[in-house]
Amino acid sequence: MTDSTVSRPVPTADLPAEAVDAGADAPAVLCPRHDLVICEQCDAVHQRVPLQPGETAHCRRCRALLGRGHRVSLPGLLALAIGGLVCFVIGNLTPLVWISVRGSPDPVTLPEALWQTWEAGQPLGAMLAGATAMVFPFIVIALRLYLLWPMTRRRLPQGFMPAMRLLRFATRWSMVEVFMLGALVAVVRSAGLASVVPGPALFAYGVLTVLLTSSSAAGLHRLWQLGSEWQAEQQAGPAQPDPGEAATR
């Protein structure tokens with residue numbers, strides 16, 4: 001799949017005549033333009049062009065990243081989301097590490113580690129870690145499954161636009177890579193005090209980091225474009241037959 005994105009700013013002359021030459025008494029009508037992309041940083045409007053794999057497009061005004069060419073299709077994105085869900089379940093149900101202080105290894109899962117942090121007098125740290133490593137990653141995975149499952153069958157899910165906006169917000173707060181870095185640092189520092197053995201949950205979160213990063217690199221422009229086009233097709237409905245032609249038949 002190629003993520004379509006921007007090449008140049010769009011002047012007013014390129015807009016439809018009915019959108020520009022609207023009368024003073026006529027109500028404002030917004031015509032959807034699937035061939036345009038708006039920069040999320042400075043709101044500059046650009047013409048959408050196909051990108052080859054490995055190519056990137058940046059805003060002419062603020063140089064923000066607008067899109068990236070890639071080969072991941074909708075079924076591929078769905079497979080990444082399913083794999084992320086499996087890794088997320090493993091990462092929360094299996095031991096994160098085994099800690100041995102007096103010879104007997106004690107398994108510690110991620111929820112247990114967060115609860116122990118809370119009881120140790122660090123509720124803010126426990127809430128931040130739980131939100132960025134558990135709550136928001138689960139929301140991202142669940143929303144991607146909710147959106148991609150019907151879209152692979154060329155159907156729009158209910159509440160497509162609110163789900164896309166929530167996905168964009170949750171992706172910003174999903175910081176699994178930060179959690180992985182902190183967990184590795186904690187394991188290394190604890191090695192001098194006790195015997196610490198990494199558990200399957202730590203490896204599962206490592207794979208989850210790769211899967212979520214790959215999904216985020218694909219971007220959301222392609223999903224927005226397909227959703228807008230399919231929504232326009234649904235609103236247009238089937239083509240009505242010409243009454244004159246029907247009468248002659």
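These legends walk you through several close-up views of one predicted model.

This is a predicted model, in which local features need pLDDT of at least 70 and side-chain atom pairs count only at pLDDT 80 or more, while totals for chains, interfaces and linings use all residues. Residues are numbered from 1 along each chain as its sequence is written, and side-chain values use heavy atoms, leaving out hydrogens and water.

View 1. Helices (H or I, at least four residues) and strands (E, at least two) are DSSP runs, numbered from the N terminus. Of the 249 residues, 35% count as buried; buried means under 20% relative accessible area, exposed over 50%, and partly exposed in between (1.4 Å probe, protein chains only). Contact means heavy atoms within 4.5 Å. Among contacts between residues at least 6 apart in sequence, 66% join residues at least 24 apart.

**View 2. Helices H2 and H4 pack against each other.** Two packed helices are described by the angle between their axes and the distance between the axes. Here H2 (residues 74–93) and H4 (residues 123–151) meet at an angle of about 150 degrees, with their axes 9 Å apart. The axes are lines fitted to C-alpha atoms, for helices over the stretch in contact, and angles run from 0 to 180 degrees between N-to-C directions. Among the residues making the contact are Leu 77, Ile 82 and Phe 88 of H2, together with Phe 138, Ile 141 and Trp 149 of H4. The residues of this contact divide into 16 nonpolar, two polar and one charged. In this count, Ala, Val, Leu, Ile, Met, Phe, Trp, Tyr, Cys and Pro are nonpolar, Asp, Glu, Lys and Arg are charged, and the others, Gly among them, are polar.

**View 3. The largest nonpolar core has 39 residues.** A nonpolar core is a set of buried Ala, Val, Leu, Ile, Met, Phe, Trp, Tyr and Cys residues joined through side-chain atoms within 4.5 Å. The residues with the most contacts inside this core are Leu 74, Met 151, Tyr 205, Leu 208 and Leu 223. H4 gives the largest share, nine residues. Leaving aside neighbours within four places in sequence, Tyr 205 is in contact with residues including Phe 88, Leu 110, Met 134 and Phe 179.

**View 4. Leu 66 belongs to a second, separate core of six residues.** Cys 39, Ala 44 and Ala 64 are also included in this core. Leu 66 sits in strand S5 (residues 65–68) and counts as buried because its relative accessibility is 3%. Its C-alpha atom is separated by 8.3 Å from that of Ile 38, 28 residues apart along the chain.

**View 5. Ser 174 is found in the loop between H5 and H6.** Ser 174 is buried, because its relative accessible area is 12%. Beyond its neighbours within four places in sequence, Ser 174 is in contact with Thr 132, Phe 136, Pro 137, Val 140 and Leu 212.

**View 6. Trp 98 lies in strand S6 (residues 97–100).** With a relative accessible area of 30%, Trp 98 is partly exposed. Not counting residues up to four places away in sequence, Trp 98 touches Pro 105, Val 197 and Pro 200, among others. The C-alpha atoms of Trp 98 and Val 197 are separated by 5.0 Å, although these residues are 99 apart along the chain.
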